[in-house]
Amino acid sequence: MKYRRLTKEQFEELHQEFINFLATQSVTADEWANLKANKPELAEMELDVFSDLIWEGVLNKAEFLEHFSAQHIYLFRLGKKKMKAIVINVKNPEVDITTQEGYDWLRENLMDERVEFLQADKPYTEDKNLDKFKMIEQGASITKGELFKYFDGLIN
């Protein structure tokens with residue numbers, strides 16, 4: 001398995017897609033029930049293959065990632081050959097931008113000397129989808145890129 005198995009909730013949301021996936025493998029509902037009961041290791045493999053297919057599709061479509069911590073916002077535009085990163089660093093230990101109050105402080109104090117903007121390009125390894133997946137597993141979220149675009153326009 002390349003990524004991670006989908007959660008029970010994700011499988012429930014993708015129930016119809018999983019049925020279609022099994023159909024492409026010529027597995028009927030009865031055969032699936034039999035597989036789960038009598039060959040659970042094969043059923044587990046089917047769940048893993050389906051999970052990887054879903055992750056590949058999601059990662060191929062992802063264009064932006066965001067990750068918030070108490071003093072930093074990491075924004076990424078996921079290009080074809082590399083990621084462009086913008087990091088907002090809050091050098092005020094009294095501010096936690098993961099809270100509404102802290103985020104409001106940041107919005108009102110963008111030009112404060114305690115707010116630092118950094119930019120960098122980050123090349124992918126041989127497997128860019130795995131790079132994206134690792135960032136998601138570390139807490140990044142796929143977004144539409146509004147924050148990235150805003151800050152990119154502000155600092156460039």
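Is serine 51 buried or exposed? Serine 51 is buried, with a relative accessible area of 0%; buried stands for under 20% relative accessible area, exposed for over 50% and partly exposed for values in between, with a 1.4 Å probe and protein chains only. The model is predicted, so local features need pLDDT of at least 70 and side-chain atom pairs count only at pLDDT 80 or more, while totals for chains, interfaces and linings use all residues. Residues are numbered from 1 along each chain as its sequence is written, and side-chain values use heavy atoms, with hydrogens and water left out.

Serine 51 sits in helix 4 (residues 40-61). Helices (H or I, at least four residues) and strands (E, at least two) are DSSP runs, numbered from the N terminus. A polar atom of the serine 51 side chain lies 3.0 Å from the backbone nitrogen of leucine 6. Apart from neighbours within four places in sequence, serine 51 is in contact (heavy atoms within 4.5 Å) with Met1, Arg4, Arg5, Leu6 and Phe11.

The sheet is open and has 5 strands in the order 4-3-2-1-5, with antiparallel pairing; two strands pair if DSSP finds at least two bridges between them. Strand 4 (115-123) and strand 5 (141-143) stand at the edges with a single partner strand each, so one side of each has no neighbour in the sheet. From one strand to the next, the twist averages 25°.

| Strands | Bridges | Sense |
|---|---|---|
| Strand 1 and strand 2 | 5 bridges | antiparallel |
| Strand 2 and strand 3 | 7 bridges | antiparallel |
| Strand 3 and strand 4 | 9 bridges | antiparallel |

Phenylalanine 64 has arginine 77 in strand 2 as its bridge partner. Leucine 78 is opposite methionine 83 in strand 3, and a hairpin of 3 residues joins strand 2 to strand 3. Isoleucine 86 has glutamine 119 in strand 4 as its bridge partner. Strand 3 is largely enclosed by the rest of the structure, because 8 of its 9 residues are buried.

Helix 6 (residues 128-137) lies across strand 1, strand 2, strand 3 (82-90) and strand 5, at about 30° to strand 1. Axes are lines fitted to C-alpha atoms, for helices over the stretch in contact, and angles run from 0 to 180 degrees between N-to-C directions. The buried residues of helix 6 include Phe133, Met135 and Ile136, and their cover includes helix 4.

Technical notes
A polar contact is a pair of N or O atoms within 3.5 Å; within protein, one must be able to donate a hydrogen and the other to accept it, and residues adjacent in sequence count only if both atoms are side-chain atoms.
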